[in-house]
Amino acid sequence: MRLALGLLLLGLLAAGALGAPLLQAWLEHDPFLPDLMARYAAPSAEHPLGTDDLGRDLLLRLLYGARVSLSVGLAVALGAALLGTAIGLLAAWRGGWVDAALMRVADGMLALPALPLLVVLAAVDTGRFGLPRGEALSDILRITVILVIFGWVGVARLARAAALRELTQDYVAAARVAGASEARVLWRHVLPNIAGPITVATALAVAGAILAESTLSFLGLGIQPPAPSWGNMLSNAQEMVFNAPLVAVWPGVMILMAVAGCTLTADGVRR
Amino acid sequence: MGLMPGDPLDLAMLSDPALTAADVERLRALHGLDRPLHERYLAWAGAVLRWEFGFSRLYAVPAATILWPALTGTLALVGSALLIAAVAGTALGVLAAIRPRGVAPLTDALAVLLQSTPTFWLGIVLIIVFAVTLGWLPAGGAAEEGQSALRFLALPVITLAAANTAAYLRHAMAGMQGELRRDYIRTARMKGLPERAVIWRHAFPNAAIPIVTIAALDAGALVSGALVTETIFARPGMGKLIYDSIMGNDYNLALLALLLAALVAMLATLAADMAQRLIDPRLREG
């Protein structure tokens, strides 16, 4: 029930994101070109959800924004899952001071005040590392890296706890006795058995990443306009509340759908 | 912050064309900006230990005079929001645990909904409904002389409380469900205690322990983390101050604000430990 609802929400959003160019061809206007004659247009056949402060079609921008927000969410979750699983497995397998050091780093990351640090990191000038400035792709890359830095901790702790449990099991000892290499024990035996909790943590990480990306973009630190993202579509919402309240409402509904979809999916998988 | 584009004097050069290159070098040496990052940090840390907090470059006043109102503003907002979130979340969670059939599905749905709502969007929607459409409450800002602070606090507090309620709801529900299955609850019921006493005197104190911990951790995190709420409602506070000082290259103010936020977070954790000892006698013996 939860799983079905969650997957339905995510499927709808993914279909919308993939189908955006088709809808654009059908509606025959460009969501990236300002049309100042049609600012804050009411919903109509031509603009199903109306237009924004620059007269761009809101529905199309929401769907293109879904591409940005969902890909950031997925990329962060994959990055966090890979890094977190690797670190968690390493800590559980080596134990001793490696384990202690890695877990203290993880504790430290949890204890840090996340939002101010995100702000500091997001303000770092990527141009100094040789990345092009002001391009949507480099924004996406930067946001992804920043959120992975914060996201791996949760996965690593879960992976470590689950791997510690599995490593004490008899089948691991049996595999070792049978002459399996340590790499094979971890890869073929431990990893498949801890995949469940890691999947749940990854689904929750997608939800967290989408929320974090939209928050940073809302503050003007994430994806920069004119590229649409659900967060930056709200960044000048304060001015819109008087002219066109609905323009400020729709991006939030999209975020709500995406995050609720991920949370429900994670809950559903866990049961 | 050292990796951010431009130092304060680059900005000064942009805003004042009369500044010559020689002036800039002189000022840079005066403010110590020609020295490497770690030397500047040590000099700053030494000054703070001597109780010298210096000036804010951005606001051109002593840093302490800005920090204090920001801290009290944030504490009023975060304190009342957390109180509401913890009480409402716990009450709903306990109710859901007592009535697994009637209430639990509703609170489950509510928890997912609250958890998935982006804070900044909820704030905007509340502004649209209560400030723009109904006109009951101000859309933002802080109370001035003779105005009721409560009216200005209402919307930000609701926004922040809603974002934090879900965690309390889930923990209270899970905690109570776990406790109500335990043997001592069956014993209490068997000896004829009224159901109210069983729930509030026996099960609830045990389920409340994790809730106190979360509240303290939240309080610490929110001192610097109420940024979004403070931005939407244009309220002066720590989160906004940290954001503005980082964006404005005001090193001294940003570092002081972060230090203060960390201090409050530590105090909150300490308070949680002590509160746990009050609730849980087992912790007192060790």
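## A buried alanine in chain B

B:Ala131 counts as buried because its relative accessibility is 15%, with buried meaning under 20% relative accessible area, exposed over 50% and partly exposed in between (1.4 Å probe, protein chains only). You'll find B:Ala131 in helix 6 of chain B, residues 119–133; helices here are DSSP runs of H or I with at least four residues, strands are runs of E with at least two, and both are numbered from the N terminus. Go 21 residues along the chain and you get to B:Leu110, whose C-alpha atom is 24 Å from that of B:Ala131.

## About the model

This is a predicted model, where local features need pLDDT of at least 70, side-chain atom pairs count only at pLDDT 80 or more, and totals for chains, interfaces and linings use all residues. Residues are numbered from 1 along each chain as its sequence is written, chains are lettered from A and ligands numbered from 1 in the order in which they are written, and side-chain values use heavy atoms, leaving out hydrogens and water.

## Chain B overall

Chain B has 13 helices and 0 strands. Of its 286 residues, 41% are buried.

Take the contacts in chain B (heavy atoms within 4.5 Å) with a separation of 6 or more: 70% of them join residues 24 or more positions apart.

## Over on chain A

A:Leu7 sits in helix 1 of chain A, residues 2–27. With 47% relative accessibility, A:Leu7 counts as partly exposed.
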